[in-house]
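Hello,

Here is the structure I promised to pass on. Please open it first, then read my notes below.

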Amino acid sequence: MAALAVHGYCVIAPDLRGTGASDRPPSGYDKDTQAEDMRELLAQLGIHGAVR
């Protein structure tokens, strides 16, 4: 992440529900829900427009 930040990127590394070390709820960790979680996170952070 530091190598990307040096080149001007803002690096965000969320632990999405159902992946990594997060809890695994009985539902809600499909790709559509994860994408919506990311949209909401970016909106809360005030990030609008294209992301990579």
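D15 sits in the loop between α1 and α2 (31-44). Helices here are DSSP runs of H or I with at least four residues, strands are runs of E with at least two, and both are numbered from the N terminus. D15 is partly exposed, with a relative accessible area of 46%. Buried means under 20%, exposed over 50%, and partly exposed in between (1.4 Å probe, protein chains only). D30 comes 15 residues away from D15 along the chain, and their C-alpha atoms are 14 Å apart.

A word on the source: this is a predicted model, where local features need pLDDT of at least 70, side-chain atom pairs count only at pLDDT 80 or more, and totals for chains, interfaces and linings use all residues. Residues are numbered from 1 along each chain as its sequence is written, and side-chain values use heavy atoms, leaving out hydrogens and water.

Now the whole chain. It has 2 helices and 0 strands. Buried residues make up 12% of its 52 residues. The radius of gyration is 13 Å, while a compact globule of 52 residues would have one near 10 Å. That radius is taken over C-alpha atoms, and the globule rule is 2.2 Å times the number of residues to the power 0.38. The C-alpha atoms fill a box of roughly 40 × 25 × 15 Å, along the principal axes.

Last, the start of the chain. M1 lies in the segment before α1 (2-6). M1 is exposed, with a relative accessible area of 63%.

Best wishes
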